[in-house]
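Keep the structure open as you read.

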Amino acid sequence: MNTPTDRLLTVAEVAELLGTSERFPRRLIAERRIRYVKVGRHVRIPQSALDAYIAARTVEPVRQPRSRSSFRLAA
């Protein structure tokens, strides 16, 4: 949800933060895959919406348990 201090980002700013072209955030908006705000004819994305989008798509690494054979005893 938007907070009063939630910064509204332009499409260009979002693209820069994501390291993509402006086409990608525009597609997210067109497909309604990210929350956005209409300000007149301008579209802005709240910082919290971008943070939520990134958090929802962050993949954590899977930690594999070490097998006993990987432990080596010192001689």
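The three strands form an open sheet in the order β1-β3-β2, with antiparallel pairing (two strands pair if DSSP finds at least two bridges between them). At the edges stand β1 and β2, each with a single partner strand, so one side of each has no neighbour in the sheet. Three bridges join β2 to β3, and Lys38 has Val43 of β3 as its bridge partner.

This is a predicted model, where local features need pLDDT of at least 70 and side-chain atom pairs count only at pLDDT 80 or more, while totals for chains, interfaces and linings use all residues. Residues are numbered from 1 along each chain as its sequence is written, and side-chain values use heavy atoms, leaving out hydrogens and water.

Here are the elements, taken as DSSP runs (helices are H or I, at least four residues; strands are E, at least two) and numbered from the N terminus:

| Element | Residues |
|---|---|
| α1 | 11–18 |
| α2 | 23–30 |
| α3 | 47–56 |
| β1 | 8–9 |
| β2 | 37–39 |
| β3 | 42–46 |

Now for α3: Ala49, Leu50 and Tyr53 are buried there (under 20% relative accessible area, with a 1.4 Å probe and protein chains only). Seen down the axis, the buried residues of α3 fall within an arc of 100°, so they line one face of the helix (the arc is that of the directions from the helix axis to the C-beta atoms). They pack against β1, α1, α2 and β3, contact meaning heavy atoms within 4.5 Å.

Notes: Axes fitted to C-alpha atoms, helices over the stretch in contact; angles between N-to-C directions. Buried < 20%, exposed > 50% of the residue type's maximum accessible area, 1.4 Å probe, protein only.
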